[in-house]
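Here is a short briefing on a protein–DNA assembly. Start with the view below, then work through the points by topic.

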Protein chains: 2
Amino acid sequence: MPRTEASNQQIRDERREQILQAAIKVFARQGFSAAKIADIAKAAQTSHGLLYHYFDNKEEIFAALIERTTHDLQQFAEAIRMQSGDAWERLTWALTRILQGLRRQPDIYAVMLQELANEAISPELRQLATRPAAILQETLKQLIVEGQAEGRVVAGDPDELAGVLTFCIEGLSVNVLSPYSASVIFPKPETLLRLVKS
Amino acid sequence: MPRTEASNQQIRDERREQILQAAIKVFARQGFSAAKIADIAKAAQTSHGLLYHYFDNKEEIFAALIERTTHDLQQFAEAIRMQSGDAWERLTWALTRILQGLRRQPDIYAVMLQELANEAISPELRQLATRPAAILQETLKQLIVEGQAEGRVVAGDPDELAGVLTFCIEGLSVNVLSPYSASVIFPKPETLLRLVKS
DNA sequence: GTCTATAAATCGATAGAC
DNA sequence: GTCTATCGATTTATAGAC
């Protein structure tokens, strides 16, 4: 009995997912350039030959990761808008969720940040890589602007305030990934919120 | 007339300095792994062969950078202690100086951060690379503890507070280095200080 | 769909001339 | 002290068998 087209498709989807998950881990810990195709293949428990069956090259894998992250963050932004409560409550909720996500999976945030300035990546891809952080920052900015109208967020340039929050999250992600991160203290949401509280 | 020993020494010192300055730029923009010896040599305006006359290998260059940065930050910490005024005033001075330094030379901060989690670097070197950030954080912590005794710094875990400030500085440095950093807003010292102000 | 073997290119590091 | 030529190892990517 031959494999059906449907089950073949399922196999492909699973493999692709395996590879992407492995790539996140490897990119986060080695950086794009040092990450070897063989490393990703090993982490995904496949041969490196098969990897080229799913992606044209290393940049394609990276691009797929960035696109997924961009999509995830857009959904997150949407979820925040759907959240009930005033802007301050939604800002609290958002930062709490972000810090939780960072605890479970710091890898993707670290990839996002580390490759921003990396000239080893093509300019087109690097520009793509700026998107997730931009979405995050823009989302926070919206909440800050609304919060200022409510009087619960301190006056001041909302871009500056959203930027500082973003820097914090990015800096934390890389520190968490360090093998010497035992002493890294995860800030509480309230600690970060002090930055913008009026 | 042959070159004297003294002038030879001066040539060596200058070359070494040229190479280190070039290495900072290249490491910051490409990361340790993607940074090619040829790139560093070109930026330093020497042949790549000569580079090996001054350093045994790529890791040695990186180690020299880290050591210098560690030394510079130790001196900075000492300068802060020498500063007059209470802890709050010295904390303000310190953050102002750090942000100024980041404007002029974001490269070394970015190198510090980006290689923290990079497994392409030997464990010994990576541990060394944790020192500069640790010194920075420890210095800020001291000021925070003193500031809390004065009542001008908010109560709370000083390690957490110092950590958040450090994350901000690190995150900012990488964003500034990105070629798409036109929209990055340098936070004012007062903005960061809100995180710890009582 | 998956693997192994291999081609082709890149890059760190060395040797030797000046 | 400095350079060019080159080796050797690593790694991306492909080809072809199963």
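α3(B) gives the most to the surface near DNA strand D, with five residues. The model is predicted. The points below cover that DNA surface, then the contact between the two protein chains.

**Surface near DNA strand D**
- In total, 18 residues surround DNA strand D. The closest are A:Lys36, A:Ile37, A:Tyr52, B:Arg12 and B:Tyr54.
- At least two residues each come from α3 (48-54) of chain A and from α1 and α3 (48-54) of chain B.
- By class, this surface has six nonpolar, seven polar and five charged residues.

**Atoms of DNA strand D**
- B:Tyr54 has a side-chain N or O atom 2.7 Å from a phosphate oxygen of DNA strand D.
- B:His53 places a polar side-chain atom 3.3 Å from a phosphate oxygen of DNA strand D.
- B:His48 places a polar side-chain atom 3.3 Å from a base nitrogen of DNA strand D.

**Contact between chain B and chain A**
- Chain B contributes 45 residues and chain A contributes 45 residues.
- B:Phe167, B:Tyr180 and B:Arg194 supply 19% of the area that chain B buries against chain A, more than any other three residues.
- Together the two chains bury about 3,700 Å², 61% of it on carbon and sulfur atoms.
- There are two salt bridges between chain B and chain A. A:Glu160 forms a salt bridge with B:Lys188, with the closest N and O atoms 3.4 Å apart.
- α8(B) gives the most to the side of chain B that touches chain A, with 12 residues.
- That side of chain B has 24 nonpolar, 11 polar and 10 charged residues.

Terms used
Residues numbered from 1 in each chain as written. Chains lettered and ligands numbered in written order. Predicted model: local features only at pLDDT ≥ 70, side-chain atom pairs only at ≥ 80, totals over all residues. Heavy atoms only, no water. Contact = heavy atoms within 4.5 Å. Buried area = accessible area lost by both parts, 1.4 Å probe. Salt bridge = Lys/Arg side-chain N within 4 Å of Asp/Glu carboxyl O. Helix = DSSP H or I, 4+ residues; strand = E, 2+ residues; numbered from the N terminus. Nonpolar A, V, L, I, M, F, W, Y, C, P; charged D, E, K, R; others polar. Near = heavy atom within 4 Å. Polar contact = N/O pair within 3.5 Å; in protein donor to acceptor, adjacent residues only side chain to side chain.
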